[in-house]
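Trainee: I would like to learn how to read a structure with two chains. Could we go through one together?
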Amino acid sequence: MKLEGKKRIWSEFQKEIPDDHFFYVRSCIRQSFFPGSEQFFLKVLKEDLGKDIFEDPNHTTCTGIGYHGDVVQFDTIQTVVARHFALATEHGYKDVVISCVTSFGIYEEIIETWKHYPETLEKTRENLYKATGRVFDVPDSITHSSDIIYKFKDEIAAKAKFPLIDHVTGEPLRIVEHIGCHYSKMFPKYGVGGAEFPHVLIGMIEAWGGEVIDYPERRHCCGFGFRQYIVQANRGYSLSNSRKKFVSMQPYKPEAIIANCPGCTMFMDKWQYTIKEMDGMTYGQHGQGIPVLTYEELAGIVMGYNPWDLGLQYHNVQSEPLLDKMGIKYDQEEKYLTKDGKKLPVPKDLINA
Amino acid sequence: MHNKEKHIVIIGGGTAGCVAAGRLAREGYRISLIEKDKKPGGKINNWYQLFPDRRRSVEVTDYINKEIDHPLIDLMTGTELDKVKYKNGKFSISTGKSDLGQADAVLIATGFDLFDATRKEEYGYGIYDNVITSLDLENMFHSGDILTTKEEIPKRVGIVHCVGSRDEKVGNFHCSKVCCVTAVKQAIEIKEHIPDSEVFCFYMDMRMFGPYYEELYRESQEKWVVNYIRGKVSEVSENIEGRLVIKAEDTLLGKPIRMEVDMLVLMVGMQNAKAGLNLQDKFGIQTGVNGFFRIRDNHYGNNLSNVDGLFYAGTCTAPMNITDTISHARAAAVEITEYLSKN
């Protein structure tokens, strides 16, 4: 494999990422399943990097799950997204940062539609005004939150307390990155590194000392696919796609999977549990599962944040094997304690627990 | 005016330019033949054997070299056109090296460029070690060794048709015509070199347009057991042993397929040459939607440009095989002769 070839592609797909003053929109899945990720993102940007990032509690779902599940019409989702833009406009923000890859793809699809069919923009303005009395400006930029972490990856590396290195052998940790189809497969020009060899997560992993695994099913969908998991009869299809990826990456002995998309993170984590329950199979080393982290969770442990503050205990596949490799100390007693010391119920049958 | 007093500048010393130069010189015209490379012949110099009869390409190169062996042809290799002035149907032309004086007619025969396979990122050319182009394979045939980068003999080879042709994503709607039969020829050559190998061609349509092409296609299946799968390869990756893993769809079976191969050959298509396109503004000539130079009439004016006195020959107007290129160049010579006899 020739790295130079990848570098050439990466150089062709570099997007303009704003430096400051962000309007942040959350992800339905991430704020429910990996709330530490979004909290970390906001904290790092505000406190460690000193950036202005604003979120409005009136922000809602983008309805993307309904849209891709064929129960929300395109006119409707355009109006919902236009309302988000109206919130940004009202607060004086022009650069929108999106926590969710699905939303990111939807925002791009809508803005591209408006560029190519200006009448749809005018119709959306009319729909939004009639429904809410709001007006909006189309943002100057649409950025995914991983783009922002990518932009500041070297600043994070400079603050690294636990680089992605096996603290015993000194070898780089082998990491699988998974980009999420809607990050750049729809519009390669909006993704850092394009669609085939996206660089956004690779850049982070390498900057923090790890080694990226390029395995045969790297580009394959995780199987999340809205119509796969929403329609119960199709869920086996979702599962089999994730399994295909696990089987393909297993020979490379990955220490962790870093995912870009809320759905991918959730399903690559939870389907490992399902597969283990179904046929007893795991795909990590020594009979363990492969921890699946968001890029913020990865950045957090690299920077020395408490893994339980980052919410790693809320995954199905527990991250202790990765933390141990990195030489990170953690307190098992604190794992299921709230900040005010109350005991949370301890989930059963977790992987790597 | 006597023919010898008339001067024709031909830009491009490949098959078309050389054949036209020979014809026009024999008509008694003075020819300046400009070639940017160090030797004439163009792309054919890179090819090993030619379809459909598998003759050695050097035989055609010899023919081309004989064509331009004429006292009225001034061959200028390593030379590119610099400046052009056009007034009253006459061209004043200079190269970076010299002033060619006034030309009574100009023939553009700048040929084609092969499609840059790195643009089809999903195939991983320039990234995965054993993804090569049809041209790379010709070079292997020249050297006599078909080997992977680990210097192993490939046991299973995939061939992908239409790389950069009939592909809206890269902006090329046109069919490059010759890639299908090139794939058939190269598949047979692989089987000749490595008899126990398996060869799989992934095609959209098999366009066997020329004489004896269909016969060659049939021979490849009956005698050489080349496998043809109707479907495009969607992505290529590499497994832990360094073998290529390809995903495709077999549209006749209606099933996705996944296969490991030791080598993947990309049949790169044809595009108008950059060197030719650089002449566009200098001469005020036009291109069609396919990016090749726009001919004045699709049926009876396919050597004529939109500029009086300026003519085209060969693959700068459309993808062509060697046979058609030679015919097109001879026709250009006839058009130029007719034009100069009237002016």
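Trainee: Among contacts in chain B between residues at least 6 apart in sequence, what percentage join residues at least 24 apart?

Mentor: Good place to start, and keep in mind that this is a predicted model, where local features need pLDDT of at least 70, side-chain atom pairs count only at pLDDT 80 or more, and totals for chains, interfaces and linings use all residues. Residues are numbered from 1 along each chain as its sequence is written, while chains are lettered from A and ligands numbered from 1 in the order in which they are written. Two residues are in contact if their C-beta atoms, placed from the backbone, lie within 7 Å. For chain B, the share of such contacts that join residues at least 24 apart is 67%.

Trainee: And what is that share in chain A, for residues 24 or more positions apart?

Mentor: Here too, the contacts counted have a separation of 6 or more. In chain A, the share is 76%.

Trainee: How many helices and strands does chain B have?

Mentor: Helices (H or I, at least four residues) and strands (E, at least two) are DSSP runs, numbered from the N terminus. By that count, chain B has 8 helices and 20 strands.

Trainee: What is the radius of gyration of chain B?

Mentor: The radius of gyration is taken over C-alpha atoms, and the globule rule is 2.2 Å times the number of residues to the power 0.38. For 343 residues the rule gives 20 Å, and the value for chain B is close to that, so chain B is as compact as a globular protein of that length. Along its principal axes, its C-alpha trace spans about 70 × 35 × 35 Å. The radius of gyration of chain B is 22 Å.

Trainee: What percentage of the residues in chain A are buried?

Mentor: A residue is buried if 20 or more other C-beta atoms lie within 10 Å of its own, exposed if 12 or fewer, and partly exposed in between, with C-beta atoms placed from the backbone. Chain B has 47% of its 343 residues buried. For the 353 residues of chain A, the figure is 48%.

Trainee: In E8(B), which residue is the bridge partner of Ile93(B)?

Mentor: Look at strand E7 (residues 90–95) of chain B, which runs antiparallel to E8(B) and is joined to it by 4 bridges. The partner of Ile93(B) in E8(B) is Gly101(B).

Trainee: Which strands of chain B do the buried residues of H8(B) pack against?

Mentor: Helix H8 of chain B covers residues 322–342, and its buried residues include Ile322(B), Ala329(B) and Ile336(B). Its buried residues pack against helix H1 (15–26) and helix H2 (57–67). The strands they pack against are E1 (7–11), E3 (49–50), E9 (105–108) and E20 (310–312).

Trainee: Which strand gives the most to the side of chain B that touches chain A?

Mentor: Start with the contacts between the chains: 13 residues of chain B are in contact with 14 residues of chain A. The strand that gives the most to that side of chain B, with 3 residues, is E15 (residues 233–238).

Technical notes:
Expected span 1.5 Å × (residues − 1). Pairing = 2+ DSSP bridges.
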